[in-house]
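Biologist: Hey, I've got a few minutes before group meeting. Could you talk me through this one?

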Amino acid sequence: MSATTVERDTRALCPTDLRPADYPVLAGATILKGTLVVLGADGNAKHGVTGTGLFAVGRARFTVDNTLGSSGDLRVEVEEGVFRWVNGDTITSAHVGDPAFIVDNQTVVKTGSSQSFAGVIAKVDSIGVWIESSLKLSALYSVTAGDYTTLSSNLASTGVGNGAS
């Protein structure tokens, strides 16, 4: 399946009681409600795409269109939690607890040599795969790659605390 170009009704496995985080949106980016949101090493948010060095942070609460703005002109609210995404691979129940990787703003796969970490596989059903995503999980997964140090300092400079909250 390819990236969605419309808002998405992405289900959560259980309600999220956490206050949503908000992140500065990358210049020229549009993030659709219900899609997978990632941060680049610069600390700016965009919709999920294939690539390395990205940090999955959760599901967009609302659509944000920053196509005419500069990075940081707008912010996107993001919920962490366990969300159902499109199974772009042969992820099965045997993969629960394993990492999943980002293909696009709604699709994940089980192997990721050229993809970034989407989260941990929590459940698989006939409709899709439930992935637990958060900045903390992404940071833990990528800490050995050295990406987190750069992200953390860039998030601090954009007003997102110390980058790990």
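**Contacts, sheet and cores**

Modeller: Happy to! Taking contacts in the chain between residues at least 6 apart in sequence, 59% of them join residues at least 24 apart, where contact means heavy atoms within 4.5 Å. Do keep in mind that this is a predicted model, where local features need pLDDT of at least 70 and side-chain atom pairs count only at pLDDT 80 or more, while totals for chains, interfaces and linings use all residues. Residues are numbered from 1 along each chain as its sequence is written, and side-chain values use heavy atoms, with hydrogens and water left out.

Biologist: Good to know. How many helices and strands does the chain have?

Modeller: There are 2 helices and 12 strands. These are DSSP runs numbered from the N terminus: H or I of at least four residues for helices, E of at least two for strands. Along the sequence the pattern is β-β-β-β-β-β-β-β-β-β-β-β-α-α.

Biologist: And what's the strand order in the open sheet?

Modeller: The order of its 5 strands is E1-E7-E5-E3-E4, with antiparallel pairing; two strands pair if DSSP finds at least two bridges between them. E1 (21-24) and E4 (45-47) stand at the edges with a single partner strand each, so one side of each has no neighbour in the sheet. On average, neighbouring strands are turned by 50° against each other, direction ignored.

Biologist: How many bridges link E5 and E7?

Modeller: E5 (residues 55-60) and E7 (residues 75-79) pair over 2 bridges, in the antiparallel sense. Alanine 60 stands opposite valine 78 in E7.

Biologist: Which strands does helix H1 lie across?

Modeller: H1 (residues 135-142) lies across E1, E3 (36-39) and E5, and runs at about 165° to E5. Axes are lines fitted to C-alpha atoms, for helices over the stretch in contact, and angles run from 0 to 180 degrees between N-to-C directions.

Biologist: Switching to the inside: which residues have the most contacts in the largest nonpolar core?

Modeller: That core has 15 residues, and the ones with the most contacts inside it are Trp85, Ile91, Ile102, Val108, Ile121, Val129 and Ile131. A nonpolar core is a set of buried Ala, Val, Leu, Ile, Met, Phe, Trp, Tyr and Cys residues joined through side-chain atoms within 4.5 Å. Buried is under 20% relative accessible area, exposed over 50%, partly exposed in between (1.4 Å probe, protein chains only). E11 gives the most to this core, with 3 residues. Another core lies apart from it, with 14 residues, among them Val25, Ile31, Ala60 and Val64.

Biologist: How many aromatic pairs are there?

Modeller: The count is 2, for rings of Phe, Tyr and Trp (its six-membered ring) with centres within 6.5 Å; planes under 30 degrees apart are stacked, over 60 edge-to-face and the rest tilted. Phenylalanine 101 and phenylalanine 117 have ring centres 6.5 Å apart and planes at 75°, so they are edge-to-face. Phenylalanine 101 lies in E9 (residues 99-102) and phenylalanine 117 in E11 (residues 117-124), so the pair ties together parts 16 residues apart in sequence.

Biologist: And asparagine 66, is that buried or exposed?

Modeller: Asparagine 66 is buried, at 2% relative accessible area, in the loop between E6 (64-65) and E7. Leaving aside neighbours within four places in sequence, its contacts include Val25, Leu26, Ser71 and Asp73. Valine 25 is 41 residues away along the chain, yet the two C-alpha atoms are separated by 6.8 Å.
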